[in-house]
Amino acid sequence: MSLLTKYPSIKRQLLVPSLQEIADLLNQNLNRYFAECNAAVVDCPNLRQAPFHLANEGLCGNPMVADIGGVRYLSPLPRLDKQPYNFTELGELMGFKNALVIGAACAPFHVTGVNCELIPNLAFKKDENECLTIANETHAAKIDERGECELFKLDSVECCLLGNVFVCEGKPGKVLKINAKKRIGNENFTESIRNIIREKYGENIISLGGVFLIKQGTAKLHIMPDFSTTPLNTEEQVNEWLKFFSMKAPLICLSVFHSYDDNLELRMEHTHCFSTHGAGGHYHYDITPDEIEYEAYFNVAETLYRVDAPKSG
Ligand SMILES: [Zn+2]
């Protein structure tokens, strides 16, 4: 079976403003959301090293995003018949021989034994003999027997039901760096940036992906428990099912977001966090506006893949 048959996809070339144009835009507008903020185009730090712990060093080389599956495969009831999505296969479908894949997804529950949060963070390389080498720094966060968060390394290259990933060759190069402290707006960090980009570019999809650190403060994260056996029909029912936690910095957050949907049923923003102190999960917002400090490294995607979108109707 071809990869395109296995993963029916729509490919879109995106509008790609220069990093400097976005940095200028943020420098003009991010102060509506944060009392102290700055955006600049910088050389990407080596993201393999602390405090980032990514599976490759940079965010450059054919930057792309993939929106895989969708929330409608998770609720009202999970589509347990859906086959897992394999990130190395998806990377190949997108034309990569070597790639860094980072973002937010549903864990491969056939591997973890339970539905939970996946924080995909892997690099793969396929040589001329089709031999695949994988560096996998992926984590998953689940609810343990005591109802607490358990963050653990997961040696899998799969996710289930839905995922949002930034994919590139993992090369060094120029990236967008954003510092923001003291939140004064009501939106979370990525929503603030999305709003500003949307205002400028309207009905063009601008997609960004990368990593941000929560260096100070506390954030509200959720972790999905095992699948619900009763249908989750309303947002209220979903929120009752999810387990919410307050988690402290430092948190490493892998993020993908889009300024506009254009009828692709995109997940407009999806960020999963991990850490070196056992905290991890799905980022909602920070709860300590005075203390909060964000530092982000993003690149702008040139291409978007919408993979196996739920059928309408
Ligand atoms: Zn999530």
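Predicted model: local features only at pLDDT ≥ 70, side-chain atom pairs only at ≥ 80, totals over all residues.
**Exercise 1. Characterise the aromatic pair of Phe-34 and Phe-189, and place it in its cluster.**

Step 1: rings of Phe, Tyr and Trp (its six-membered ring) pair if their centres lie within 6.5 Å, with planes under 30 degrees apart counted as stacked, over 60 as edge-to-face and the rest as tilted; by this rule the count comes to 12 aromatic pairs.

Step 2: Phe-34 and Phe-189 are edge-to-face, at 6.0 Å centre to centre and 75 degrees between the planes. Because Phe-34 lies in strand 2 and Phe-189 in helix 5, the pair ties together parts 155 residues apart in sequence (helices, H or I of at least four residues, and strands, E of at least two, are DSSP runs numbered from the N terminus).

Step 3: the rings of Tyr-283 and Tyr-294 have centres 6.4 Å apart and planes at 85 degrees, so this pair is edge-to-face.

Step 4: ring pairs link Phe-34, Phe-189, Phe-212, Phe-257, Tyr-283, Tyr-294 and Phe-298 into a cluster.

**Exercise 2. Identify the donors of the zinc ion.**

Donors are N, O and S atoms within 2.8 Å of the metal (3.2 Å for Na, K and Ca), and sites may look incomplete because water is not among the atoms. His-270 (NE2), His-272 (NE2) and His-282 (ND1) coordinate the zinc ion at 2.0 to 2.1 Å, with the sequence spacing H-x1-H-x9-H.

Methods: Residues numbered from 1 in each chain as written. Heavy atoms only, no water.
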